[in-house]
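This report walks through a structure one part at a time. Please keep the sequence and the model open beside the text, and look up each part as it is named.

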Amino acid sequence: MRSEPLLTVRNLKKYFPIRKGFLNRVVGNVRAVDSVSFDVYPGETLGLVGESGCGKTTLGRCIVRGIEPTEGSIVLRKPDGTTVDIAGMEERYLRPQRRAFQMVFQDPYSSLDPRMSVFDIIAEPLRIHRIASTEKELETKVKDIASVVGLKLEHLKRYPHAFSGGQRQRIGIARALVTNPELVIADEAVSALDVSIQAQVLNLLKQLQADFDLTYIFVAHDLSVVEYIADRVAVMYLGQIVELAPTDELFRKPLHPYSEALLSSVPRPDPSRKRSKLRLAGEVPNPSNPPSGCRFHPRCPYAKDVCRQTIPELRSLKNGRQVACHFAEEIDLVGVPEVRTEPYRVPLSDSAVKEFSENKV
Amino acid sequence: MSLRRFFSRQPGNDSQAHDEIEQAVLDEGIAVDPLMKTLGDDYYLAGQWTLMWRKFKRHRIARVSILVLGAFYFIAIFANFFSVQGLRSYDSRFTNAPPTRIRIIHHEDGLRLPFVYGLTFERDPETMRRRYVADESVAYRVRLFTRGEPYRFWGLFETDIRFYGVDDPGRIFLLGTDSMGRDLFSRMVHGARISLSIGMVGVIISLVVGTIMGAISGYFGGTVDTIIQRIIEVLRSFPEIPLWMGLSAALPPNMPIVQTYFLITIILSFIGWTGLARVVRGKFISMREEDYIMAAKVSGASDARVIRKHMIPGFMSYLLVEVTLAVPRMILAETSLSFLGLGLRSPATSWGVLLQEAQSIQAISLYPWLLVPVIPVIVTVLAFNFAGDGLRDAADPYHEG
């Protein structure tokens, strides 16, 4: 797995200016993403977790250049081995590159243009990139991808309003995959769906990853979803990555106090387990005026003087783990016990998925 | 019941359908959007405008309003056909005549087809005013599609077929005449042409200017946006009537009617575009934030493509609503302008011009029928507003089923 990274993000920043007054003067910046660096390797799924407002969605959107990053580099390795930095690229040079990285959106209701038929929605990236040379080829490609994600071909003429959330998300996935991208950013791709549908869509995403050698960045706030789908997890707090580790290790043995607090909120249906939910004191600080030193120190139960003064770097430890805490080696943090069977999200068997794709739209 | 059968079934009873959905969910473990109950393929395959039309049809007052407006515009288009007098005709023998009564009972013969008596007048010995009395010795049948005063049909060919009329030398004045002996009903029909079309033309001008300004403002944002918004605020803070007065005063008094007409429309659009520009800007800004716009951008769509394929289709329906609601404002503005004598002048005829003649208390007390042109103004404005209401409810067919 440790080959050359597919995506290398370095010191990525996104500041949203705060404007005030009659002249709209900039009085400050919301540091939504503040100096984030990480690598994504081909074929893996990187989970991106954190509470609301921590900047994970902004980070995802910056990577696909849905919004313009303020600073930093996003280097993408192309199949031929050359690399391209898409962070500062002008839109017209970027456009041809876009087919390699696509996005699945959170809200399946607002991410599909209600005025276009499903066929046109899926065909749009093909038309933009002129991937299909004839109408017939276009149709074949759209139909192929539609059946792969489990849409019925006769429903391609329908409009999005004819579909439920899960089906719409399949349309969104088909649109993301139709250009045969290497990297797919799934921004809370299942959080708007019913729990029963979440499992189906997650399984579909896993299946597609295996079939098409996809690399995922999976943004989510639901830790059990991340545990199920991600190979590695990056925990974000206030615009920064505080810990990055293989999923199992992070869940069993978090090294950052914030990860511990986050994990303690995961519900486990184990009556024998004592509920020791860690409650974080205080509010999330204002991202336009983050605390000095470690950004987590005002809420951290283990904080010492040095935390208030010195900013902890994200440093590498063994097993490919990275953590931004001065005391990662000293404090002993509790993760969550391993639960083999998925508690409330029983994954469907392959045959069930197959049956589902045949039966349902 | 399998889902497949469920989807292929005919629309039917609601509660039954709901039970079936729940059963289907239980059977197959698949959640079904409740919106889909009782809806068939024709709903799934329906595009935006079809859905809008269906929703609009359920708004009964709006539907009636559309019919009323349709009738008004139809009459205005065929104004010569529906009137008995041409725009410039008058009959000095019958000035300030009251509305002619259409009768069906003849004083001698009893029941008859609709007819009118002849019209004569006598002088009031004290006021020297004409008093019209029915001359019961002659009766003229009211005929439809009859011959009347000749006119050119749309300037194409000469004809004298009119929708209604009485045989010569009888006269029929449905709503009476004015001080020059012009038939008020005919003038109202002719006036409808200008009154109804000035709203449309004015709105089209406002629409073009407003859309361009609004789109620039909403799309580019920043300083351009600020400047345009301040201009709009300044324009909107002008008191309208003095502004119109000023602009009308600039019109040379002896201009041909057509030119005056267009200049008046431009004057009316001068303020009208600001509202539309605001709507377009707001829509642009809110749509810029939509996920599907982001999705198109991430797919590699250029700005031009995003605007053309996603944004314009998205706000067309809202624009239609705004236009429908802007037309009556224009009509009212023209009416007030002409009423004040700042707009069109005789012999050009609009409802406002007709009302101007009813300005003096004396005229109204002696000849109350001169006020009748108020009625089509009210009806038109109400009809446009109701239709706009219905359209507004239908404009976003994707929320709420």
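## Domains of chain B

Chain B is divided into two domains, with domain 1 covering 66–75 + 189–395 and domain 2 covering 100–172; such bounds come from an automatic or database domain assignment. The C-alpha centres of domain 1 of chain B and domain 2 of chain B are 40 Å apart.

The model is a predicted one, in which local features need pLDDT of at least 70 and side-chain atom pairs count only at pLDDT 80 or more, while totals for chains, interfaces and linings use all residues. Residues are numbered from 1 along each chain as its sequence is written, and chains are lettered from A and ligands numbered from 1 in the order in which they are written.

## Where the chains touch

The contact between the chains takes 30 residues from chain A and 29 residues from chain B, where two residues are in contact if their C-beta atoms, placed from the backbone, lie within 7 Å. On the side of chain A that touches chain B, β6 (101–104), α3 (118–128) and α6 (195–212) of chain A each supply at least two residues, and the largest share, three residues, comes from α3(A). Helices (H or I, at least four residues) and strands (E, at least two) are DSSP runs, numbered from the N terminus.

By class, this side of chain A holds ten nonpolar, nine polar and eleven charged residues. Here Ala, Val, Leu, Ile, Met, Phe, Trp, Tyr, Cys and Pro count as nonpolar, Asp, Glu, Lys and Arg as charged, and the others, Gly among them, as polar.

## Two crossing helices in chain B

Helix α5 (residues 60–77) of chain B and helix α7 (residues 184–220) of chain B have axes that come within 8 Å and cross at roughly 110°. Therefore α5(B) is roughly perpendicular to α7(B), a term for angles of 65 to 115 degrees, whereas angles under 35 degrees count as roughly parallel, over 145 as roughly antiparallel and the rest as oblique. Axes are lines fitted to C-alpha atoms, for helices over the stretch in contact, and angles run from 0 to 180 degrees between N-to-C directions.

Where they meet, Phe72(B), Tyr73(B), Ile75(B) and Ala76(B) in α5(B) face Val189(B), Ala192(B), Arg193(B) and Leu196(B) in α7(B). The residues of this contact divide into seven nonpolar, no polar and one charged.

## Sheets in chain A

An open sheet of eight strands in chain A has the order β6-β7-β8-β3-β9-β10-β12-β11, with mixed pairing; two strands pair if DSSP finds at least two bridges between them. Because β6 and β11 (315–316) of chain A stand at the edges with a single partner strand each, one side of each is left without a neighbour in the sheet. β6(A) runs parallel to strand β7 (residues 183–187) of chain A, and four bridges join them, with Phe101(A) opposite Leu183(A) in β7(A).

Elsewhere in chain A, strand β1 (residues 7–20) pairs with strand β4 (residues 71–77) in the antiparallel sense over five bridges, and Leu7(A) stands opposite Leu76(A) in β4(A). β1(A) also pairs with strand β2 (residues 25–40) of chain A, in the antiparallel sense over eleven bridges.

## The sheet in chain B

Chain B has an open sheet of four strands in the order β1-β2-β3-β4, with antiparallel pairing, and the twist averages 65° from one strand to the next. Strand β2 (residues 110–123) of chain B and strand β3 (residues 130–153) of chain B pair in the antiparallel sense over nine bridges, and Leu119(B) stands opposite Ala134(B) in β3(B).
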